[in-house]
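Please read the following account with the sequence and the coordinates at hand. It begins with the overall architecture and then turns to individual positions.

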Amino acid sequence: MKIMQINAEKCVQCGACMSACSSAWFKEDSVDLSRVKVETVTGLPHFNICSQCGACMAVCPTQALERDANGVVQIRKDKCVACLMCVGFCPSASIFFNAEKQTEPFKCIACGICAKKCPTGALTLVEVKG
C-alpha cells in the first residue's frame with residue numbers, strides 16, 4: 001500500500017506541498033483545496049494527511065470508498081452522494097469538502113505530487129505492507 005511518510009523535523013512550513021497539491025487537482029493555489037494540510041501547532045508543523053487506514057470505508061452508505069490496486073482509499077465519484085459521512089467520521093480529519101469546487105469530498109490519494117515539490121524531503125511516498 002502506498003502512503004505519504006512524514007518527517008516533521010525536516011518541514012520548514014513553506015507550503016510548497018499544499019500549493020503543488022491544490023494546483024495539480026484544482027488548478028488553483030489554495031490551502032483550502034489541498035489534500036494535505038500543514039499547520040503550525042505550538043510552533044511546530046502539524047500534518048493532516050490521509051494515512052489510508054480505511055476507517056471511512058465502513059461508514060459510507062453507498063460504498064463509494066474503496067481501495068485501489070495499490071491499497072489507496074479512493075472516492076468513487078459515480079457512487080458518492082455527498083452525504084459527508086466519511087468527512088465527519090475520518091479519525092484524522094483528512095477528508096475534505098468544498099461545495100464550491102466539486103460535488104464530492106476529496107482526500108490524499110498518495111499521488112506523490114506534494115513530496116516531489118517539498119524542498120526539504122519532509123514528505124516521501126513509500127510502499128508499506130498493509
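Helices, of at least four residues, and strands, of at least two, are taken here as DSSP runs and numbered from the N terminus. The model under discussion is a predicted one. By that assignment, Gln-102 belongs to the loop that links strand 6 (95–96) to strand 7 (106–107).

The chain as a whole contains three helices and eight strands, and their order along the sequence is β-α-β-β-β-β-α-β-β-α-β. Its C-alpha trace extends over about 40 × 35 × 25 Å along the principal axes. A compact globule of 130 residues would have a radius of gyration near 14 Å, and the chain agrees with this, having 14 Å. Of the 130 residues, 42% count as buried. Among contacts between residues at least 6 apart in sequence, 57% join residues at least 24 apart. The accessible surface amounts to about 7200 Å², with 53% of it belonging to carbon and sulfur atoms. As for charge, there are 14 positive and 11 negative side chains, and the centres of these two sets are 6 Å apart.

Gln-102 may now be considered in its surroundings. Because its relative accessible area is 15%, under the 20% limit, Gln-102 counts as buried. Its side chain forms a polar contact with that of Glu-104, at 3.0 Å. Beyond the residues up to four places away in sequence, Gln-102 touches Phe-26 and Phe-97.

After helix 1 comes Lys-27, which has a positive phi, near 60°.

Strand 5 (residues 73–75) contains Val-73. This residue is buried, since its relative accessibility is 0%. Apart from neighbours within four places in sequence, the contacts of Val-73 include Gln-52, Gly-54, Cys-56 and Met-57, as well as Leu-65, Glu-66 and Arg-67. Lys-107, Cys-108 and Ile-109 are also among its contacts. Cys-111, 38 residues from Val-73 in sequence, is 12 Å from it in space, C-alpha to C-alpha.

Pro-119 is found in the loop between helix 3 and strand 8. Is this residue buried or exposed? Its relative accessible area of 58% is over the 50% limit, and therefore Pro-119 is exposed. With neighbours within four places in sequence left aside, Pro-119 is in contact with Cys-14 and Ala-16. The C-alpha atoms of Pro-119 and Thr-62 are 39 Å apart, for a sequence separation of 57 residues.

Thr-42, in the loop between strand 2 and strand 3 (44–48), is not a glycine, yet its phi is positive, at about 50°. Thr-42 is exposed, because its relative accessible area is 75%. Leu-84 occupies the loop between strand 5 and helix 2 (85–89); this residue, other than glycine, also has a positive phi, near 70°. With a relative accessible area of 28%, Leu-84 is partly exposed, as the value lies between the limits of 20% and 50%.

Key
Residues are numbered from 1 along each chain as its sequence is written. This is a predicted model: local features need pLDDT of at least 70, side-chain atom pairs count only at pLDDT 80 or more; totals for chains, interfaces and linings use all residues. Side-chain values use heavy atoms; hydrogens and water are left out. The radius of gyration is taken over C-alpha atoms; the globule rule is 2.2 Å times the number of residues to the power 0.38. Buried means under 20% relative accessible area, exposed over 50%, partly exposed in between (1.4 Å probe, protein chains only). Contact means heavy atoms within 4.5 Å. Accessible areas come from the Shrake-Rupley method with a 1.4 Å probe; for residues, only the protein chains shown count as cover. Lys and Arg count as positive and Asp and Glu as negative; His and the chain ends are not counted. The place of a charge is taken as NZ of Lys, CZ of Arg, CG of Asp or CD of Glu. A polar contact is a pair of N or O atoms within 3.5 Å; within protein, one must be able to donate a hydrogen and the other to accept it, and residues adjacent in sequence count only if both atoms are side-chain atoms.
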